[in-house]
Amino acid sequence: MSQLIVSGMRPTGKLHLGHYLGVIQNWVKLQHKYDSYFFVADWHALTTKYDKTENLKNDVLDVTIDWLAAGIDPEISTIYVQSHIPEIAELNVYLGMVTPQNWVERDPTLKDMAKILRTKEGQNSQISYGLMGYPVLMSADIMMMNANAVPVGVDQVAHIEITRDIARRFNNIYNTEFFNEPQPILNHCSLICGLDGNKMGKSFQNDIKISDTAEVTAKKVMTAITDRSRMRKTDLGHPDDCEVAFKYWKIFGSEQEVSIVRSECEKGERGCADCKRQLGAKINECLAQIREKRVYYENHIDEVKDILSEGDKKARKRAGEVIAQVRELVRMY
Ligand code: TRP
């Protein structure tokens, strides 16, 4: 029997290259090897944005379109929306009962989120009960499909640890081996930084989106930080001190291209502006197919909605089987 993976993403709007290279590309590969379930975590979006829901529906569709464009294949993977699977909310209740409060309080990712919230002024600076429940809800997402593994970025590994602990505790309490203890699957590709050298993020305005046009991408790439000590084209460059542009070359260029860039830069034969012009073209070349597909799905939104409702159905079937077992194990009436 093939192993099952589950993973999700919050609907934060159009996705950027950090999402694509860090997570989605991995899913695209893994879907051929595993029975794969990918969902849009719209309930998780509410943990911090319960008062900003006006774009939520659209964001769910945008994320889905990015996935489809990037190569998640609805013929082999199940793509669904978290809030369309009410069984997840029920499982969340059962798991919440067996989870000690200090497990969620210790969760490092949650601590970071809380810190960010606190530094933002306004009403949203409160940490809600729902946000405290983030790791339990995430465990419900994963255990709902009784997954064997969860492909995520490194930032999510602590959450998966809690899921394993909760699964083990549930099994102990109800004297069963029903739930698997899911393993994280990490992507070994190097993390892509933002155009300013910091972590790529939508709110930092340093990202390149999958959905950006070639023109926008080319313009953005021109703002990428290079070797700060280099003033003129003829100055000898230091590719290893080039904060962003050379790192992007290593991600998008062939081995041969990277070595040409390196030697021309070191010899002072390649200016940073020219280098970034070429780099922008290279990135656009790599993304051209994905972007073409994205435009297709944007123009066929009914097809996207059909894919989601098919996925909801398949996910609910599996969820129904699991929740029936859980009710029996807990000995509900
Ligand atoms: N916390 C994840 C993120 O911020 C999203 C998520 C929610 C998730 N539930 C999940 C990821 C279950 C993997 C499995 O990206």
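Trainee: Hi! What should I know before I start?

Mentor: This is a predicted model, where local features need pLDDT of at least 70 and side-chain atom pairs count only at pLDDT 80 or more, while totals for chains, interfaces and linings use all residues. Residues are numbered from 1 along each chain as its sequence is written, and side-chain values use heavy atoms, with hydrogens and water left out.

Trainee: Which lining residues are closest to its centre?

Mentor: Those are N92, Y129, M132, G133 and V136, out of 20 residues that line the second largest pocket. A lining residue has an atom within 4 Å of a point.

Trainee: And which elements give two or more residues to that lining?

Mentor: They are α2 (42–49), α4 (86–98), α5 (101–106), α7 (129–132) and α8 (134–144). The largest share, five residues, comes from α4. Helices (H or I, at least four residues) and strands (E, at least two) are DSSP runs, numbered from the N terminus.

Trainee: How do the lining residues divide into nonpolar, polar and charged?

Mentor: Eleven are nonpolar, eight polar and one charged. Nonpolar covers Ala, Val, Leu, Ile, Met, Phe, Trp, Tyr, Cys and Pro, charged covers Asp, Glu, Lys and Arg, and the others, Gly among them, are polar.

Trainee: New topic: how many aromatic pairs are there?

Mentor: The count comes to eight aromatic pairs. Rings of Phe, Tyr and Trp (its six-membered ring) pair if their centres lie within 6.5 Å; planes under 30 degrees apart are stacked, over 60 edge-to-face, and the rest tilted. One of the pairs is F170 with Y174, which is tilted because the planes are at 50°, with the ring centres 4.7 Å apart.

Trainee: What about F170 and F179, how do those rings sit?

Mentor: That pair is edge-to-face, since the planes are at 80°; the centres are 5.1 Å apart. F170, Y174, F178 and F179 form one aromatic cluster.

Trainee: Are F170 and F179 buried or exposed?

Mentor: F170 counts as buried at 0% relative accessibility, and F179 is buried too, at 3%. Y174 is also buried. Buried means under 20% relative accessible area, exposed over 50%, and partly exposed in between (1.4 Å probe, protein chains only).

Trainee: Which ring does the charged end of R169 sit over?

Mentor: The ring of W103, with the charged end of R169 5.9 Å from its centre. The rule wants NZ of Lys or CZ of Arg within 6 Å of the ring centre and within 35 degrees of the ring normal.

Trainee: Salt bridges next. How many are there?

Mentor: The count is 22 salt bridges, each a side-chain nitrogen of Lys or Arg within 4 Å of a carboxyl oxygen of Asp or Glu. Among them, R294 pairs with D62, the closest N and O atoms being 3.1 Å apart. That pair links distant parts of the chain, with R294 in helix α13 (residues 272–299) and D62 in helix α3 (residues 56–70), 232 residues apart.

Trainee: Which residues are linked with R294 and D62 in a network?

Mentor: K14, D66 and E298 are linked with them in a network of salt bridges. R294 is buried at 2% relative accessible area, and D62 is buried at 12%.

Trainee: What does D165 form a salt bridge with?

Mentor: With R168, the closest N and O atoms being 3.5 Å apart. D165 is partly exposed at 27%, and R168 is partly exposed at 35%.

Terms used. 1 Å grid on protein atoms, 1.4 Å probe; cavity = no way out; pocket = protein on both sides within 12 Å on 5 of 7 lines; lining within 4 Å.
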